[in-house]
Amino acid sequence: MSQPLVASTPLSSLTPSTSLQTHQQWLEQAVQLARENHQQGGRPFAALLVRDGQLVASAVNGIHLDGDPTRHAELEALRKASQCGPLAGVIVYASGHPCPMCLGALVMNGIAAVYYAFDNADAAPFGFDSTAAYQTLGLTLAPQPLPLVKLAVTLTAADLYGSEPQSHDHE
């Protein structure tokens, strides 16, 4: 049996200078951005990159714009933020758990931690789930390549992804 695809790092071991409330505020912004993107015809994903309490970049999933399957929110935000210099130590706030492609890019850029609202189990009923990609690639999240922390947000998965279960390619 494969390892679980959702892992969590104890919050107390992360970014001690940043309060839980601050992490939740940034994450709420990412989720609202994802919701707006979904309401405008895009996929319900967004990411914020934050350094020292300052927004470095924000982005939404842009696959619907030109069919480019690499236009995931995390990668779009990395592209924008990389124009400002190295990204080591940046914190990512993402509406959903990163897929393997995005997680690899985050690790390679020295991202300090990822805080996310919804995991693959939350997204699966709505067709937004990267579990199959992790399994196909033989990737597990034990041990975690970087801290991945799920935090509660005010919206539910159904609020973000839609009330009707659907079938989509992951993210």
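What percentage of the 171 residues of the protein count as buried? In this predicted model, the share is 47%. The protein comprises seven helices and five strands, which follow the order α-β-β-α-α-β-α-β-α-α-β-α from the N terminus.

**Overall fold and surface**
- Of the contacts between residues at least 6 apart in sequence, 69% join residues at least 24 apart.
- The accessible surface amounts to about 8,100 Å², and carbon and sulfur atoms account for 54% of that area.

**Aromatic pairs**
- Seven aromatic pairs are found in the whole structure.
- In one of them, the rings of Trp26 and Tyr93 have centres 6.3 Å apart and planes at 25°, so the pair is stacked.
- Because Trp26 belongs to helix α1 (residues 20-39) and Tyr93 to strand β3 (residues 91-96), this pair ties together parts that are 67 residues apart in sequence.
- Trp26 is buried at a relative accessible area of 13%, and Tyr93 is likewise buried at 1%.
- The rings of Phe45 and Phe128 have centres 5.5 Å apart and planes at 80°, so they form an edge-to-face pair.
- Phe45 lies in the loop between α1 and β1, and Phe128 in the loop between α5 and α6, so the pair ties together parts 83 residues apart in sequence.
- Phe45 is buried, with 5% relative accessible area, as is Phe128, with 4%.
- Ring pairs join Phe45, Phe118, Phe126, Phe128 and Tyr161 into a cluster.

- The lining of the largest cavity divides into five nonpolar, four polar and three charged residues.

Definitions and conventions:
Residues are numbered from 1 along each chain as its sequence is written. This is a predicted model: local features need pLDDT of at least 70, side-chain atom pairs count only at pLDDT 80 or more; totals for chains, interfaces and linings use all residues. Side-chain values use heavy atoms; hydrogens and water are left out. Helices (H or I, at least four residues) and strands (E, at least two) are DSSP runs, numbered from the N terminus. Buried means under 20% relative accessible area, exposed over 50%, partly exposed in between (1.4 Å probe, protein chains only). Contact means heavy atoms within 4.5 Å. Accessible areas come from the Shrake-Rupley method with a 1.4 Å probe; for residues, only the protein chains shown count as cover. Ala, Val, Leu, Ile, Met, Phe, Trp, Tyr, Cys and Pro count as nonpolar, Asp, Glu, Lys and Arg as charged, and the others, Gly among them, as polar. Rings of Phe, Tyr and Trp (its six-membered ring) pair if their centres lie within 6.5 Å; planes under 30 degrees apart count as stacked, over 60 as edge-to-face and the rest as tilted.
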